[in-house]
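Biologist: I have the sequence and the structure open here. Could you walk me through a few features, starting with how the helices pack?

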Amino acid sequence: MTDQMTTETSSENSSTVASQPDYEVVIIGAGVGGLYQIKRLTDLGVNATVLEGDEDLGGTWYRNRYPGARFDSESFTYGYSWDEELLQEWHWTEMFSPQHETLKYLNFVADKFGLREHLQFNCYVERMVFEESSCTWIIHLKDGREITARFILTAVGPLSVPTMPRIEGIDGFQGESFHTFHWPSEPVQLAGKRVAVIGTGATAIQLIPEVAKEAQTLTVFQRRPNWAAPLNNRDISEEEMADIRKRYDEIFAACARTPGGFEHEPDRRGFFNVSREERLELWDGLYDGPGFGIWLQNFVEIFMDEDANAEFSEYIADRIRQRVDDPELAEKLIPKDHGFGIQRVPLETNYFESYNRDNVQLVDSSETPIEKITETGIQTSDQHYEFDLIVYATGFDAFTGAFDRIDIRGVGGMSLREKWSDGPVTYLGLLVSGFPNLVMISGPQTAATNFPRGAELSVDWATALLEHMWDSDKKRFETDLAAEQGWFDHVVKMYEPFLLRTAQSWITGYNSNLEGHEYGKTRYNIYNGGGPRYAAGLQKVAQEGYEGINIE
Ligand code: NAP
């Protein structure tokens with residue numbers, strides 16, 4: 001360890017950096033990635049801190065408090081894998097943990113490992129500027145403070161900037177209204193209320209059945225339906241948890257060898273090599289089984305071949321028809337513009353049955369679009385609806401949103417926002433040319449996996465790079481344009497064989513609420529080559545002396 005790692009000097013409120021920065025490493029974000037990152041750095045004795053804009057830790061699991069919010073990942077595949085004692089201590093009570101339990105888990109981790117003292121809350125980063133002369137980042141906080149750091153590791157989350165619709169009158173509504181991401185921490189009274197939910201993505205699909213149970217009336221405004229399949233959640237008994245604890249090595253090994261970082265392994269028999277009866281037998285089992293099995297234990301051809309996809313989509317459509325009493329309504333809930341699994345599949349509990357309730361109504365916004373929000377409700381092209389509460393489940397400015405809202409300035413004042421105006425370009429999803437000494441934990445173009453499995457890869461790789469810097473007494477790293485272009489080309493190539501390339505979703509950068517995010521202007525937000533290939537690539541770069549990265 002070098003002196004730079006432990007020396008604390010203060011350069012508060014100075015725009016030119018003194019000989020030593022305030023921190024060797026600043027991490028931005030105290031969610032799943034940021035907590036693990038600070039654990040790794042404090043174990044090494046590094047002078048590091050976490051700046052968190054919210055008033056507490058948890059990131060996604062602190063914010064998304066809407067009723068029904070829970071994992072779509074099996075709980076025991078989502079927890080951290082890196083501490084045996086933690087694995088043996090923690091009891092997941094449900095196969096798919098609800099938000100409050102996950103938040104409790106993250107708090108438990110922070111307390112167990114003494115991480116809280118390294119977390120600074122209400123520290124919203126507005127601007128960060130790389131100062132070449134001192135090889136240091138100057139971080140400007142919303143409260144006016146300046147903090148300096150040699151290295152910055154962003155752990156800002158891929159889905160942490162909610163987007164509101166651009167609808168006339170949205171600010172004039174006199175009842176209650178909020179985005180799901182801003183669901184209040186105090187209990188929201190739903191009983192006796194006329195509630196509207198706008199949107200039918202994964203969030204709305206979790207929320208709608210819960211609101212339906214409580215509200216006087218629930219009106220869902222659906223522009224495009226989404227394919228969804230049962231979560232099949234259940235409790236985990238003491239005995240089962242004891243078995244899971246014994247199997248953790250096996251569980252994490254399975255997560256490491258599957259493309260999505262789950263235990264679910266694709267069926268490798270080949271869609272066209274088995275009979276229709278065999279396919280139906282597989283699908284019946286998966287539909288009644290837990291979690292993403294229906295998506296990830298399926299035949300890979302479904303995600304690449306239009307005929308295979310059409311046959312499976314029709315199977316799911318039939319299952320929806322069996323669950324919705326009104327055949328006309330069932331047809332409205334079945335997507336016609338894309339096949340199953342091309343967009344991220346929401347998992348549900350009684351979602352389709354919710355529409356059989358007398359107090360639930362679907363408004364098809366593709367037929368009768370929302371024209372404006374009025375003081376008392378929603379005006380569509382067809383009629384006016386009165387509401388007490390409007391919930392916007394209208395999605396996120398995915399991946400780049402959390403970077404765009406910080407004014408990030410690299411070499412020569414280069415703006416990251418401008419560099420990424422047509423979509424992200426990165427090296428390995430972790431580094432950006434022109435932005436030295438910056439690593440993005442689970443940044444755009446990292447592997448799309450069960451989130452913590454990918455975040456742990458990012459954190460371990462970033463930590464190893466920093467250790468390499470300290471061991472060799474280096475101060476500056478930066479990827480080069482050629483390496484960045486090479487990675488971008490590879491990322492694009494990994495979209496090509498998959499029908500997902502046609503998706504109208506955040507995976508391809510679509511968001512009707514954001515300018516420049518129209519359908520067809522593809523943004524390559526994820527690495528679609530799978531976790532194992534991604535992990536092998538990261539390892540190779542490190543082993544070969546950080547190829548594509550200039551270290552000085
Ligand atoms: P989303 O998938 O982007 O869905 C947004 C929904 O809002 C869509 O139905 C969209 O309709 C609609 N919408 C947006 N703007 C609108 C407008 N101006 N007018 C009418 N409708 C509008 O967002 P999300 O549901 O929040 O989910 C995002 C991601 O978060 C998920 O895919 C998932 O990865 C993650 N998530 C995870 C979990 C979990 O792990 N359990 C739970 C929830 C979410 P269009 O399709 O027509 O644009």
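Modeller: The axes of helix α2 (residues 32-43) and helix α17 (residues 451-471) come within 9 Å and cross at roughly 35°; axes are lines fitted to C-alpha atoms, for helices over the stretch in contact, with angles from 0 to 180 degrees between N-to-C directions, and helices (H or I, at least four residues) and strands (E, at least two) are DSSP runs numbered from the N terminus. This is a predicted model, in which local features need pLDDT of at least 70 and side-chain atom pairs count only at pLDDT 80 or more, while totals for chains, interfaces and linings use all residues. Residues are numbered from 1 along each chain as its sequence is written, and side-chain values use heavy atoms, with hydrogens and water left out.

Biologist: Which residues of α2 make the contact with α17?

Modeller: On the α2 side they are Val32, Gly33, Tyr36, Gln37, Arg40 and Leu41, and the α17 side includes Phe451, Val459 and Trp470, where contact means heavy atoms within 4.5 Å. The residues of this contact divide into ten nonpolar, three polar and four charged, with Ala, Val, Leu, Ile, Met, Phe, Trp, Tyr, Cys and Pro counted as nonpolar, Asp, Glu, Lys and Arg as charged, and the others, Gly among them, as polar.

Biologist: Now the ligand: which residues come nearest?

Modeller: Of the 24 residues around the ligand (a heavy atom within 4 Å), Arg70, Thr200, Thr203, Arg223 and Trp506 come nearest. Helix α7 (residues 202-214) gives the most to this shell, with three residues.

Biologist: How far is the side chain of Arg223 from an oxygen atom of the ligand?

Modeller: An N or O atom in the Arg223 side chain is 2.8 Å from a ligand oxygen, while for Tyr510 the corresponding distance is 3.0 Å and for Arg344 a polar side-chain atom lies 3.1 Å from an oxygen atom of the ligand.

Technical notes: Polar contact = N/O pair within 3.5 Å; in protein donor to acceptor, adjacent residues only side chain to side chain.
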